[in-house]
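Welcome! Take a moment to look over the sequence and turn the model around before reading on.

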Amino acid sequence: MSVARTRYYCPVEITVDVIGGRWTPVILAHLKEGVHRYGELRRRMPDLTEKMLTQRLRELERAGLVARTVHDGVPAPVSYDLTSEGRSLAPVLEALYTWGEEHAARHGIAITPAG
């Protein structure tokens with residue numbers, strides 16, 4: 001998920017390298033709404049395994065898009081938030097959301113909110 005290639009032929013390639021994959025944009029879209037704890041993110045994406053969520057969150061943190069905060073407590077609660085770089089993706093995420101919503105309406109696809 002990190003931008004590691006040295007040559008790109010289209011800016012979309014860079015964007016897909018950073019936010020590509022099925023779950024990464026979904027995680028970012030949830031975090032665009034505000035700070036979420038790990039458990040909240042899990043409930044919002046019931047088809048995403050814990051292993052995959054943890055892996056994607058770590059990748060997003062390494063890419064500088066998500067900040068992880070460990071709070072006091074036992075076990076220590078952890079929350080995630082978008083960094084300023086992550087927030088710069090808001091227009092992209094909103095465009096994906098709008099297109100998906102309109103596509104679902106055109107094709108009679110039901111969207112069931114989780115959580």
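Here is a short tour of this structure, from the overall fold to single pairs of residues.

This is a predicted model. Its protein chain contains six helices and three strands, and its C-alpha atoms fill a box of roughly 45 × 40 × 25 Å along the principal axes.

**The overall fold**

- If you follow the protein chain along its sequence, the elements come in the pattern α-α-β-α-α-β-β-α-α.
- Of the 115 residues in the protein chain, 25% are buried.
- Among contacts with a separation of 6 or more, 42% are between residues 24 or more positions apart.

**The strands**

- Strand β3 covers residues 78–82, and four of its five residues are buried, leaving the strand mostly covered.
- β3 pairs with strand β2 (residues 66–70) in the antiparallel sense, over five bridges.
- β3 also pairs with β1 in the antiparallel sense, here over two bridges.

**The largest pocket**

- How can empty space be found in a model? Rolling a probe the size of a water molecule over the atoms shows where such space is left.
- Helices α2 (24–32) and α6 (90–107) each supply at least two residues of the lining.
- The largest share of the lining comes from α6, with nine residues.
- What kinds of residue make up the lining? There are 16 nonpolar, four polar and seven charged residues.

**The salt bridges**

- Lys32 counts as partly exposed because its relative accessibility is 35%, and Glu94 counts as partly exposed at 40%.
- Another salt bridge brings together the side chains of Glu33 and Arg44, at 2.9 Å from N to O.
- This pair links distant parts of the chain, eleven residues apart: Glu33 is in the loop between α2 and β1 (36–37), and Arg44 is in helix α3 (residues 38–44).
- Are these two residues buried or exposed? Glu33 is exposed, with a relative accessible area of 53%, whereas Arg44 is partly exposed, at 31%.
- The side chains of Arg56 and Glu59 also meet in a salt bridge, at 2.9 Å from N to O.
- Arg56 and Glu59 are separated by about one helical turn because they are three residues apart in helix α4 (residues 50–62).
- Both Arg56 and Glu59 are buried.

Note on methods:
Residues are numbered from 1 along each chain as its sequence is written. This is a predicted model: local features need pLDDT of at least 70, side-chain atom pairs count only at pLDDT 80 or more; totals for chains, interfaces and linings use all residues. Side-chain values use heavy atoms; hydrogens and water are left out. Ala, Val, Leu, Ile, Met, Phe, Trp, Tyr, Cys and Pro count as nonpolar, Asp, Glu, Lys and Arg as charged, and the others, Gly among them, as polar. Buried means under 20% relative accessible area, exposed over 50%, partly exposed in between (1.4 Å probe, protein chains only). A salt bridge is a side-chain nitrogen of Lys or Arg within 4 Å of a carboxyl oxygen of Asp or Glu. Two strands pair if DSSP finds at least two bridges between them. Contact means heavy atoms within 4.5 Å.
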